[in-house]
Amino acid sequence: MRYTKPRINPTRTPLAIQKLSSNLNPELRLYRHTGRLARVLRPFESLTAFLSASVLIALLLRLIVVFFVVHDSSHTINDNNFGWESWEMGWTARSIFLGNGFSSPFLPITGPTALVPPLYPYLIAAAFHFFGLYTSASAFAVLAFNSLCSALTCIPLYYLVRNSLPERVARIASFAWAIYPFAVYFSADRVWDYALTGLLFTCCLLAAQKLYQRGMWGWAGFGLLYGVAVLSNPSIVSLLPFFLLLAIYKLWRAKSPWLAKTLVACVAFIAVCTPWTIRNERVMHSNFFIRDGFWLEFYAGNNGDTTASNSAFAHPASNPAEMAKYQQMGETAYMAYKHDLAVDFVKHHPVFFAVATLRRIVRFWTGFWSFSPSYLKFEPFDLPNVPFCLFLMFFMVKGLLRWRRYDRAALLPYLLALLVFPLPYYITHSSMDYRQPIEPIIIVLVSIGLFGTGAGLLTSQHAEEDLLADDEVPLIETESEGVMA
């Protein structure tokens, strides 16, 4: 009789079980690498260290860009060039600084305005107060503030994802935002509300995610926060009813009181926005919500001109003839005039409006408008933007499909934001900067499209239990062969 040597199954040893169970559970070990990479990543296993590093890396990248932007004197040495980066925001802030109130949204000194929302111009005016009007220091202060807002978005973005998906996915999305080129560019190079609105709206979405679990103070806080975000950019107000309805539906299904909480949130929101609405009624002598420039923007995209999505000749800032009309008529009458022109044009050219709307939808998501040499002369970044945007769109859709298979309920707020927020831009004019408030959502979905939902990691505990249960199977297997003479 000849015996074979007992064979040990390496996957059944206690050490292997311990190692595999550690790898299965992402909360026990986030970084499974060994060697030099492990030594680099290990300090960041702490959530505080990871988020701090993400914010600091994001801020450093943006401040490097700010440094080069500010040292280009054409951005800062006079009101016209500073306004090129800020347009109506910077000119309105100039008027506040000079003591003329919230007025003069264009280069000439004109009357009161509601062309832009109030929050960001007052912040620019504060920078003018402390660092001087149209100085390099004030430009650096404003752009550094934008950079800080963009960098801080890493934190609510992490928790937004972590509430629905595993730790690893949340960290990927948070760090992806830190190095995302559009987030860097639009916060460090543009004097506009993009970064501030992105931070505020991400916080609103985070608050809405667990709103149904909150008490009265939580609902009041949500209403106040959303009101502040709307004062930064009223375009996001279209999503407020949907977020409230989702929370109400969850309370209704749980047979929990919802009416009083909803009223508290609405009252808090109205309390923030009403003072500015009253100001507009008394100063502008017209009723509208926050700002009054919709019909100017609508006409800029629907006037028969297709050389660009946003016709420059339609704006007072870039057409002296329009500027003369604006000064002569006053802002309220001028907007009514644009309303009549736009509605009349669409009535007589419905096919043009339909085709232009389709083109604007394509531009919003792909960055493409035209490859005409005359167009690209003024929009040179469209060529590299298109393939990059197509890359983002492909993996965003892939992320939507992956998350849909895993958890439709958690995906719904993101899907609503993607469907509802762009609607005004589809019918007016679209550009990459207009989608910045929802860009953090896009990054979340792109991250999922690239790296998955990590759904398997969420079931790792069950897999670990099953694996440990297999430990009852004998660890040593023997083989025997027949007796040989």
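Glu 167 forms a salt bridge with Arg 171, and their closest N and O atoms are 2.7 Å apart. A salt bridge here is a side-chain nitrogen of Lys or Arg within 4 Å of a carboxyl oxygen of Asp or Glu. Because they are four residues apart in helix α9, Glu 167 and Arg 171 are separated by about one helical turn. Glu 167 is buried, with a relative accessible area of 7%, and Arg 171 counts as buried at 6%. Buried means under 20% relative accessible area, exposed means over 50%, and partly exposed lies in between (1.4 Å probe, protein chains only). Arg 162 joins Glu 167 and Arg 171 in a network of salt bridges.

This is a predicted model, in which local features need pLDDT of at least 70 and side-chain atom pairs count only at pLDDT 80 or more, while totals for chains, interfaces and linings use all residues. Residues are numbered from 1 along each chain as its sequence is written, and side-chain values use heavy atoms, with hydrogens and water left out.

## Other salt bridges

A search of the whole structure finds seven salt bridges. One of them pairs Lys 338 with Glu 322, with the closest N and O atoms 3.0 Å apart. Lys 338 lies in helix α17 (residues 331–348) and Glu 322 in helix α16 (residues 320–329), so the pair ties together parts that are 16 residues apart in sequence. Lys 338 is buried at a relative accessible area of 0%, and Glu 322 counts as buried at 8%.

Glu 439 forms a salt bridge with Arg 435, where the closest N and O atoms are 3.1 Å apart. Both Glu 439 and Arg 435 are buried.

## The chain as a whole

The chain has 25 helices and two strands. Helices (H or I, at least four residues) and strands (E, at least two) are DSSP runs, numbered from the N terminus. Buried residues make up 46% of the 485 residues in the chain.

Of the contacts in the chain with a separation of 6 or more, 71% are between residues 24 or more positions apart. Contact means heavy atoms within 4.5 Å. The chain exposes about 23,700 Å², and carbon and sulfur atoms supply 67% of this area. Accessible areas come from the Shrake-Rupley method with a 1.4 Å probe; for residues, only the protein chains shown count as cover.

## Nonpolar cores

In soluble globular proteins, nonpolar side chains tend to be buried together. A nonpolar core is a set of buried Ala, Val, Leu, Ile, Met, Phe, Trp, Tyr and Cys residues joined through side-chain atoms within 4.5 Å. The largest nonpolar core has 97 residues, of which Tyr 226, Trp 403 and Leu 418 touch the most other members. Helix α11 (residues 194–209) gives the most to this core, with nine residues. A second, separate core of seven residues includes Phe 106, Met 323, Tyr 326 and Met 335.

Not counting residues up to four places away in sequence, Tyr 226 touches Phe 201, Cys 204, Ile 236, Val 237, Leu 239, Leu 240, Phe 243 and Phe 269.

## Helix α10

Helix α10 (residues 181–188) is mostly covered, with six of its eight residues buried. The buried residues are Phe 182, Ala 183, Val 184, Phe 186, Ser 187 and Ala 188. They pack against α3 (47–70), α7 (136–152), α9 (167–179), α11, α20 (382–406) and α23 (439–451).

## A buried loop serine

Ser 104 is found in the loop between α5 (88–97) and α6. Ser 104 is buried, with a relative accessible area of 0%. A polar atom of its side chain lies 2.9 Å from the backbone oxygen of Thr 110. Leaving aside neighbours within four places in sequence, Ser 104 is in contact with residues including Trp 91, Arg 94, Ile 109 and Thr 113.

## Partly exposed residues and a surface patch

Phe 131 is in helix α6 (residues 119–131) and counts as partly exposed at 43% relative accessibility. Not counting residues up to four places away in sequence, Phe 131 touches Ala 137, Ser 138 and Ala 141. The C-alpha atoms of Phe 131 and Ala 141 are separated by 7.9 Å, and the two residues are 10 residues apart along the chain.

Tyr 249, Trp 252, Trp 258, Leu 259 and Leu 263 make a nonpolar surface patch of about 570 Å². Helices α13 (240–253) and α14 (259–284) each give two or more residues to the patch. Patches are made of residues with over 30% relative accessible area and no salt bridge: like charges are joined within 9 Å, and nonpolar side chains (Val, Leu, Ile, Met, Phe, Trp, Tyr) within 5 Å. Tyr 249 is found in helix α13 and counts as partly exposed at 45% relative accessibility.

Note on methods. Polar contact = N/O pair within 3.5 Å; in protein donor to acceptor, adjacent residues only side chain to side chain.
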